[in-house]
Amino acid sequence: MRAARRSAFLLWLPMLGALASCGIPTTGVVEAGGPASGVAPTLRVYFVAGRTLRGVDRSLAGPVDVDSAVRVLLKGPTRAEQAEGLYTVLPPEASLMSRVTMTSRDSRVTIRLSAVPGDSGALAAAQLICTTVAAQRVIAPGDDPQPVTVTGPGGLDIRSTGAQCPGPGT
């Protein structure tokens with residue numbers, strides 16, 4: 001009797017498998033866009049609202065470094081951000097990148113401006129410092145950021161570790 005049950009079970013097993021497939025046909029590879037690329041890194045850049053700094057999160061297409069962070073900052077706020085009252089005291093990227101020199105050595109970042117926008121030197125420096133410190137925090141989470149120094153004409157020489165930078169949500 002056991003052998004008969006076993007034989008009956010073995011005969012029904014393929015039929016159960018066929019029923020379980022529910023008649024869904026197999027498909028080949030479906031081309032639907034590019035390959036998965038993971039999560040784009042998010043960087044906080046700092047613009048001005050009413051003469052105070054305000055951080056805005058931006059997604060980057062590539063890896064985060066200090067140079068790319070400053071380039072994102074120099075592109076200025078989006079139209080939507082401008083509608084919210086955000087602006088920058090830095091000149092547009094095209095006019096400023098030729099006047100910004102960045103070096104990173106001896107555990108510090110130095111940004112040298114060959115021209116300072118009007119009387120907004122300290123605010124421009126704060127935008128650069130806070131954005132640079134935010135980039136460092138993305139690059140090396142958990143590490144203390146390197147001090148950032150912004151220098152320029154007229155005696156502009158501001159050094160900071162970003163402690164005065166507004167946090168998320170401000």
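A crossing of two helices is called right-handed if the near helix is turned clockwise from the far one by less than a right angle, and left-handed if the turn is anticlockwise. In this predicted model, the crossing of helices α2 and α5 is right-handed. The contact draws on Val66, Ala69, Val70 and Leu73 from α2, and on Gln127, Leu128, Thr131, Thr132, Ala135, Gln136 and Ile139 from α5. By residue class, this contact comprises 7 nonpolar and 4 polar residues, with no charged ones.

The geometry of the pair can be stated as follows. Helix α2 spans residues 66–74 and helix α5 spans residues 121–139; their axes lie 9 Å apart and form an angle of about 135 degrees. Angles over 145 degrees would count as roughly antiparallel and those from 65 to 115 as roughly perpendicular, so α2 is oblique to α5.

These two helices belong to a chain with 5 helices and 6 strands. In sequence order, the elements follow the pattern α-β-β-α-α-α-β-β-α-β-β. Among contacts in the chain with a separation of 6 or more, 58% are accounted for by residues 24 or more positions apart. The chain has 170 residues, of which 36% count as buried.

Which residues does Val48 contact, once its neighbours within four places in sequence are left aside? Val48 is located in strand β1, and its contacts beyond those neighbours are Leu53, Gly85, Leu86, Tyr87, Val89, Leu123 and Gln127. One of these, Gln127, also takes part in the contact of α5 with α2. The C-alpha atom of Val48 is separated by 5.6 Å from that of Thr88, although the two residues are 40 residues apart along the chain. Val48 has a relative accessible area of 0%; because buried means under 20%, Val48 is classed as buried.

The phi angle of Arg51 is near 70 degrees, a positive value in a residue other than glycine. With a relative accessible area of 48%, Arg51 is partly exposed, since that class lies between the 20% limit for buried and the 50% limit for exposed residues.

Note on methods:
Residues numbered from 1 in each chain as written. Predicted model: local features only at pLDDT ≥ 70, side-chain atom pairs only at ≥ 80, totals over all residues. Heavy atoms only, no water. Axes fitted to C-alpha atoms, helices over the stretch in contact; angles between N-to-C directions. Helix = DSSP H or I, 4+ residues; strand = E, 2+ residues; numbered from the N terminus. Parallel < 35°, antiparallel > 145°, perpendicular 65-115°, else oblique. Contact = heavy atoms within 4.5 Å. Nonpolar A, V, L, I, M, F, W, Y, C, P; charged D, E, K, R; others polar. Buried < 20%, exposed > 50% of the residue type's maximum accessible area, 1.4 Å probe, protein only.
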